[in-house]
Amino acid sequence: MATPKSESFFLNIRSRELIGFKARKRSYFGDVATDFTEIGAVAVEHHGEETPPLAVSFCKTSKNSHIFAVSDEDGYVSLFDSRRKLPSFACHRENAEKARISDWIAHQNAIFDLCWIKEDTNILTASGDQTIKIWDAEKKKCTGALMGHTGSIKSLCSHPTNSDILVSGSRDGSFAIWDLRCKSSPKSNCAESFVFPSAVVKGAHLLSQSKRVSRRKAASMSITSVLYLKDEVSIATASAVNSIVKFWDTRNLKAQITQACPHAESSSAKETRLHGISSLSQDSNGVFLTASCMDHRIYLYNVLQLDKGPIHQFSGCRIESFYVKSEICPNASHILSGSSDGNAYVWQVNKPQADPIKLKSHDGEVTAVDWCPNEAGKIVTSSDDYTVRLWSLENSRCSSMRSPSSVRRRVMAIPSTECRKLFTNGEPGWLAKGSDSAYNSDDVLNQINSSDPKNMPIIRTPEAQKKKIPSFDTKEAFEETPEASLNSPSSVLNPPSSVKRRTIRDYFLVTP
């Protein structure tokens, strides 16, 4: 497949006009020489005892995107403010005290994953104690516990539009779907309510020939990562047993829809079975999915062309444990990964053969990583050296560090009443207290682009777009199948209300 020449898969989507005025494109970093500079480091420690961090996550809303959460091996959750100046000459513990907003004991066991939900007011924590807990981030209070797994919970992911729904993956080899609205009444001596799974798929990645497995063998079938895809009904799962990514329709979980594998022609080959997957990630539009494989490669898939296998692969890092994670940038232009060699790595998606940018500072295995969703080029990395480090992109083309998304939506005429609402939003929530409340045109545009699809103005169907938009020369970043050409990703991931919803199932035959 030819190497893409454009800066991004989405670069050829034209800038849109809003209410007759051309909207300025929000900044993102692309096809220029870039480098990352460390802007601060904090120690992960409690009462003088250091502990290795296991998961990091920035807040998802623009008003709170400067805040990130860290979970660790001792069961703590810590919130930090990335805007605080953290001088390099200060010790990491001093920086931690300066940047820390709050911390609390969430579990009496390691917390392997966490997830912000409900406009960053709540945090979900997945623990080795076989439970998921719901936390009020401001009050540091547990409001519910999800129980049903029989092994450590390794991964969780919330529904793209309904934060009451989530999926989790466990070391017991199963993944479960939960609805936080289905709570049981709390006991008189317990303030938290309990939630039980709405659906469970056991042995999701068991090999077909192994009907019965020992407890030790079952542990190797651990679900290591789960994703709720942007079509709102599909789930992707990965495991420790092999490099296969499976896709499921939540409306019918009896069998997977399809699967993707780096070695499509020899999916049963020995080398395929030996390499598990440590993490999955997807871009903000749900078109691209990455899989970090234990063969020291990161594979990039197009979810509408899974039958073709990975469209690119990236190498250079060392993935020697399932704690090493990777994340694709929200605008799908870069991939960030930890590594067992003590460095973090950043690749340009459209230059898979180029050497990655190497981030050197950590003294131990770099594990969890994350991109700030609303400040282009800001990233966070965590390591077994008991530190979490912040990095910022040095790029002259990225002077305005706002949302990295390079996607534009065509917005039709907005009623004046709705327009006034957009320009008269109130103060940010509790996490943004003390921040500048003045809104500018970029902030308003950011709100419009991040609005719930259900509340968005009418968007033309792909067929209507094809008729009304004049033809122009474009250079596609990736080859499309005939099906994908007729049914663009936007028709699957952001369908108009007037069109019957299409999902990933429509692109693949159901496995018999």
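**Notebook: a predicted chain, looked up feature by feature**

I began with S234, which is buried, its relative accessible area being 0%. I note at the outset that the model is predicted. I then looked up where S234 sits, and found S234 in strand β21, which spans residues 234-239. Next I asked which side chain joins that of S234 in a polar contact. The partner is D231, and the contact is 2.6 Å.

**The chain as a whole**

I turned to the overall counts. The protein chain has 512 residues, of which 56% count as buried. I recorded eight helices and 34 strands in the protein chain. For contacts with a separation of 6 or more, I found that 58% are accounted for by residues 24 or more positions apart.

I looked up S339 next. S339 is placed in the loop that lies between β29 (334-337) and β30 (343-348). Is S339 buried or exposed? S339 is buried, because its relative accessible area is 0%, and buried means under 20%. I then examined the polar surroundings: a polar atom of the S339 side chain lies 2.8 Å from the backbone nitrogen of R318. Setting aside neighbours within four places in sequence, I listed the residues in contact with S339 as C317, R318, V324, Y345, E365 and V366.

**Aromatic rings**

How many aromatic pairs does a search of the whole structure find? The search finds seven. Y345 and W347 make up a stacked pair, with 6.1 Å from centre to centre and 25 degrees between the planes. Both Y345 and W347 are buried. I also noted one aromatic cluster, formed by F58, F68 and F80. At F112, I found K154 over the face of the ring, 3.8 Å from the ring centre.

I followed the strand pairing from β12 (residues 131-136). Strand β12 pairs with β13 (residues 141-147) in the antiparallel sense, over six bridges. In this pairing I found M147 of β13 opposite T131. The hairpin of β12 and β13 has four residues between the strands. In that hairpin, I recorded a positive phi near 55 degrees for K140.

I then asked in which sense β13 and β18 (residues 193-195) run. They run parallel and are joined by three bridges. The residue of β18 that is the bridge partner of G144 is S193.

**Helix α1**

My last entry concerns helix α1, residues 92-99. Which residues of α1 are buried? They are N95, A96 and A99. Finally, I looked up what covers the buried residues of α1, and the cover includes β3 (35-43), β8 (76-81) and β9 (100-105).

How values were computed: Residues are numbered from 1 along each chain as its sequence is written. This is a predicted model: local features need pLDDT of at least 70, side-chain atom pairs count only at pLDDT 80 or more; totals for chains, interfaces and linings use all residues. Side-chain values use heavy atoms; hydrogens and water are left out. Helices (H or I, at least four residues) and strands (E, at least two) are DSSP runs, numbered from the N terminus. Buried means under 20% relative accessible area, exposed over 50%, partly exposed in between (1.4 Å probe, protein chains only). A polar contact is a pair of N or O atoms within 3.5 Å; within protein, one must be able to donate a hydrogen and the other to accept it, and residues adjacent in sequence count only if both atoms are side-chain atoms. Rings of Phe, Tyr and Trp (its six-membered ring) pair if their centres lie within 6.5 Å; planes under 30 degrees apart count as stacked, over 60 as edge-to-face and the rest as tilted. A charge sits over a ring if NZ of Lys or CZ of Arg is within 6 Å of the ring centre and within 35 degrees of the ring normal. Two strands pair if DSSP finds at least two bridges between them. Contact means heavy atoms within 4.5 Å.
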